[in-house]
Amino acid sequence: MTFGDFSNSGFNNPFKGFGNRTGGGRRRPGPFALTLIALGVIATILVSLSGFYTDYLWFKSVDFTTVWSTVLLTKASLFVIFGLLTSLILITNIVIAYRKRPIYVPLTVEADNLERYRAQIDPIKRWITIGASLVFFYFAGSSATNLWRDWLLFRNGGEFGSKDPQFGLDISFFLFKLPFYQALIGWAISTLILTLIATVVVHYLYGGIRPQVREDRTTVAARVQLSVLLGIFVLLKAVAYWFDRYALSLKESRLITGLTFTDVNAVLPAKAILSGIAVICALLFFANILRRSWVLPAAGTALLLVSSLLISGIYPALIQQFQVRPSESSKEAPFIQRNIESTKSAYGLTDLEVKDYNATIQTSAGQLSDDKATINNIRLMDPNVLSATFRQLQQIKPYYTFSSSLDIDRYTLNGVQRDAVVAVRELNILGNPQRNWINDHLVYTHGFGFVAAYGNSRDADGKPNFILGDIPPTKGLGEFQPRIYFGENVPEYSIVGSTSTEPIEFDYPDDKSPNGQANYTYTGSGGVPVGSIFSRLLFAINYQEQRILLSNLIRPDSKILYNRNPRERVEKVAPWLTLDGDPYPAVIDGKVVWLLDGYTTSAGYPYSRRSTLATAATDDFTQTSLFATSGSQRVNYIRNSVKATVDAYDGTVTLYAWDEKDPVLKAWSKAFDGTVKPRSAMSDALVSHVRYPEDMFRLQREILSEYHVGTASAFYSGQDFWRIPRDPSTLGANAGAQPPYYYTMALPGEEKPSFKISTPFVPRGGRENLSAFAVVGSDPGEGYGKWSVLVLPRSTNVAGPSQVASNFEAKPEVALELSLLRQGGANVVLGNLLTLPVGGGLLYVQPVYVQATANTAAYPLLQKVLVSFGDQIGFADTVAGALDQVFGGNSGGELGTGTSSQGSGTTGETPSGTGTTSTGNAALDAALRSAQQALRDADAALKAGDFTAYGKAQARLKSAIEAAISAQRR
C-alpha cells in the first residue's frame, strides 16, 4: 500500500483540518496553525528581550542609562561596521571572481569533475552567497564588539605628558592608540586571508585557475584580481612590521619587559628593513597586473621570506650570542634602568621613602616609653578569626549571618580615633526553617544592623568589646538606617515596597510584638517598579517564575530589587573599572554605606613589567579576592582612580574621582560623561573612612620585592630581591603569603600615629630573617598613599615572622601551655602576627584565641598574647603583661588600667588590670607554675642520674597537668 492509499481509504488522519490545501496540492496554514506560530514568535521575542529590557530598567533605576546606551551603541556600531566591511569585501571578491569566469574552459578530466560540482552549486548559488555573507557578517561583527574598550580609549584618550625613551612618543600612544591599530591590522589581514581563499576557490571551480594546463594557468581576470589582493596583503604586512617596532616596548624577555640591547641594535632595524621589502614586494604584485608572469611577485615573496629568516631571526640571535651574553650586565644596563623606572612609574611606586633601620635586638626596662601611642593601639582582634565569634554573639537568629572575613575600619569616639572590626548583619535565606517562594522573595528581604568592636580590647572572658551591636542597634555610632537591602549575601531578587497592604516584610525579631516580630515596608528610592502586568510578565520570564505574574501580594506600587551585590552593581555601572575584592561597610551620615576601590588598569605601559592579577594578590585569606576573579588578566599599569559607594538601603551607586590626574580615568570619564563625580563632592564623613586599597597594596608589594633596587647592576644580580614571608598563623608547609594588615601605628620619627597598611619582607631564597618592613598611609591627608620602607642592614639577623612563630612554639613555657590548651578539649587559634617598629627594633605581637571543640556553638575567645622583641619572648593574658616580661618588668608603654564591657579602656586589659580574669585563671596559673617547676626538677634529676627523684617529679608533673586542664575547663 502506498501513501496515497491511506488518503483514499478509511484511515482517520489525525492532522485533518490542521491546514487547507490550495491549488497544486500545497497546504495553506489554518487559523489554529497561524495562532500557534504567532504565539511562538511572540514568546521567542519576549524571552529574548526580557533580559535585555530588565537590564535597561536596572540602569534606569540607578540613573546610569548613559553607560548602558554608550556601551550598547558602541558595540552595535562596531558590529555593523566590521560585519558589513568583512562581508562586503568577501562577497564582492567572490562575485567578481564569478562574473569574470571564462566562457570557455579547456576540456580535461579535472574540468569534467569540476563541471559536476558547478551543476550542483549553480541552482543555489544565490542562497550560498546570501548565507555566506550573513555568516561572515555575524562572526566578524561579534568579534569586533570585543574592541569596544579599545575604541573608546582610542577616541577619548589624552596625553600622559611623559615620553617613551626609545621612540620619543607620548606614553598615551602605547596605551590608547597602539592596541586599536594592532586590532585593525589583525582584522584586515584576517579578512584578506579569507578573501584570498574564497577567491581562489571560486576561480578554480569556474576555470579561472587551471593548474592542469601547461600555459596560461590563470586567466587575465584571475591574475589581476589575485595580484591586487596579494599586493594589498603584503602591503598590510609592511604596516604590521612597522607597528611591530612599537610593540617591542611591551615584549617580555627573560630579564626585563621592553626593548633589550639586541632589540634596539638588531630587531628594531630588521623590522624597518622588512617593512621596506614588503612594500617593494607589494609593488611587484601590483605590477603583475600588466604582466603575464608570476616570476617577479614570486621573487619578491622569496626575498621577503629569506630576509625575514636572516634579518629578523639569525642576525639577532648572533648579536645576542656573541655580543650580549659575554657582557650581558653592562650591555643591558641602560635597558634594565628603563625597565626599573617605567615599572615604578606605572605601579605608582616613584615616591618611595626608603630608610635604613638599624634594628636593635637588645631589651631594657622602659624601652617603649617613646612609643606609647603605637603600643596603646595594638590591634588584637583578628578580622579573619572573629567571624564565628560575631555569629555566636551578634547573629541573634539563624536567618542572619556575617561574612567569613570581617573588615577593619576606624571611628572617632570621644575625640580619639579607634581601630574597629566591623560587619553588617546580613540576611541568610538558607538559615530560614520555612523556605518557600513567598518567604524567600517577599517576606525575608533584608538584613538588619551594623556591628563594630574595638580592635584593641576585650572583655573579661576574651570576647570583643562591642562599640555597636544588638537588635535594635545600640547607639554607639549615633542614629542610622540599619536595614541592609544591598549586600554581599542577599537573595537573587526581592519584591518590596507595596503600601496598599499591611507590611509583610520581616524586619527584626521583637519580643514585645504579639507575633514575635516587627514587620516593615521598604520606602527607599531603589528598585524597579513591577506593578504592571507587562513588567510582571517580563520578570516572570526573566527569572522563570510564574508566581511573579500570578501572586496577589504584588501590588501596583511594588518594586523588585535585583543585582544587589555591591561589587556587581559597581561593575555594571563602571564596566571599565577593575574592582578590589573586599568591599567594606561603614556608617556614614546616618546610613550604612559600602565602600569599594576601583582601579584603572592597562597592559600597554612601555617597559613596565606585567603582572597576572590572579596570582599577584593572593594570600591565605584572599583566595576569592578581586584579582583571583580576574582570571588570567595581565596588567602593567594600575591606579586607584575611583572610590565607589553603594547605599545598603536604597542601592544608590556613586563614583568619585580619587586620582583626578590619572590620564586613563580622564579618558573613561570623557567616554562616559557625567558618571564620575569630582573628589570635592565627597563628604568629610565619607573621606574619613577611605583607606588605602588592599588588593592594590598586594600587587605593589609584589612589584616592590624586586623593584626597590635603584640600579641596573643590583637588579641584574638579584641578590637584594625580597619576597613576602609565609603566613605564620597558618601551620604547615603549604601556608600562603602573609596578608597585609591594617592598624594604627607611628613610624620612628612620627609624632602621632595614623591608620596604615603594612607588610614585612624577607630575602628571596630559603632564609626567613627580616629584610625590610613597609607601610603605606591609609588616613586621607598628606600622608595618604605614601610608601615608607624601613630596610634592615644585611649584616644583622633580625627574625622574620616565620622564625618568630617557630621561636614561640620552641619556648618551653609557651609550648607547654599551648599543649595543655590543645589537649583540654579546646583548639588554639593563632591570630594575625603584627610587626611594629618600636623601641629601636621590631616588636612582634600575636593574639592567641581558644575555641572549645566539644561544642558546635563554640567560638574563638582571646585568652593570651604572644610578643617577641629580639631574642626575648613574652606570653601572658594581656599585652601589658607580655611586654613587661620582655622588657625587664616595665616596658614603658604605660597601657591603660583596664577595659569595661563597654570598651572604654585600652589594649587587651581586663577590668582589674592584673592579667587574671577570674579565680579559674588564678588556679590555671598556679597549676602551670607547678608544671614548669616539676619539669625543671625532672630535667635536673635525669642529669644527676637520680631516677627516684625523676619519678616523683614526673608524678608531680602529671598532677599539675591534670589540675591545669581542670582549671582551663572551669
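These legends go with close-up views of a predicted model.

View 1. The chain has 970 residues, and buried residues make up 52% of them. Take the contacts in the chain with a separation of 6 or more: residues 24 or more positions apart account for 68% of these. The chain exposes about 43700 Å². Carbon and sulfur atoms supply 56% of that area.

**View 2. Helices α3 and α5 pack together.** Two packed helices are described by the angle between their axes and the distance between the axes. Helix α3 covers residues 65–99, and helix α5 covers residues 125–145. Their angle is about 145 degrees, and their axes are 7 Å apart. The crossing of α3 and α5 is right-handed.

**View 3. Residues of α3 meet residues of α5.** On the α3 side, the contact includes Lys75, Leu78, Phe79, Phe82, Thr86, Leu90 and Tyr98. On the α5 side, Lys125, Ala132, Phe136, Phe137, Tyr138 and Gly141 are among the residues in contact. By class, the contact of α3 with α5 has 14 nonpolar, eight polar and two charged residues.

**View 4. Helix α6 has buried residues that pack against other helices.** Helix α6 spans residues 148–156. Which of its residues are buried? They are Trp148, Leu152, Leu153, Phe154 and Asn156. These buried residues pack against α3 and α5. They also pack against α7 (171–205) and α21 (663–671).

**View 5. Four strands form an open sheet.** The strand order is β5-β6-β9-β10, and the pairing is antiparallel. Which strands stand at the edges? They are β5 (407–413) and β10 (464–468). Each has a single partner strand, so one side of each is left without a neighbour in the sheet. Neighbouring strands of this sheet are turned by 45 degrees against each other on average, direction ignored.

**View 6. Strands β9 and β10 pair in the antiparallel sense.** Strand β9 holds residues 450–458. How many bridges join β9 and β10? The pairing runs over three bridges. Look for Ala452: it stands opposite Leu468 in β10.

**View 7. Helix α14 lies across strands of the sheet.** Helix α14 is made of residues 387–394. Which strands does α14 lie across? They are β6 (416–424), β9 and β10. Helix α14 runs at about 65 degrees to β10.

Conventions
Residues are numbered from 1 along each chain as its sequence is written. This is a predicted model: local features need pLDDT of at least 70, side-chain atom pairs count only at pLDDT 80 or more; totals for chains, interfaces and linings use all residues. Side-chain values use heavy atoms; hydrogens and water are left out. Axes are lines fitted to C-alpha atoms, for helices over the stretch in contact, and angles run from 0 to 180 degrees between N-to-C directions. Helices (H or I, at least four residues) and strands (E, at least two) are DSSP runs, numbered from the N terminus. A crossing is left-handed if the near helix is turned anticlockwise from the far one by less than a right angle, and right-handed if clockwise. Contact means heavy atoms within 4.5 Å. Ala, Val, Leu, Ile, Met, Phe, Trp, Tyr, Cys and Pro count as nonpolar, Asp, Glu, Lys and Arg as charged, and the others, Gly among them, as polar. Buried means under 20% relative accessible area, exposed over 50%, partly exposed in between (1.4 Å probe, protein chains only). Accessible areas come from the Shrake-Rupley method with a 1.4 Å probe; for residues, only the protein chains shown count as cover. Two strands pair if DSSP finds at least two bridges between them.
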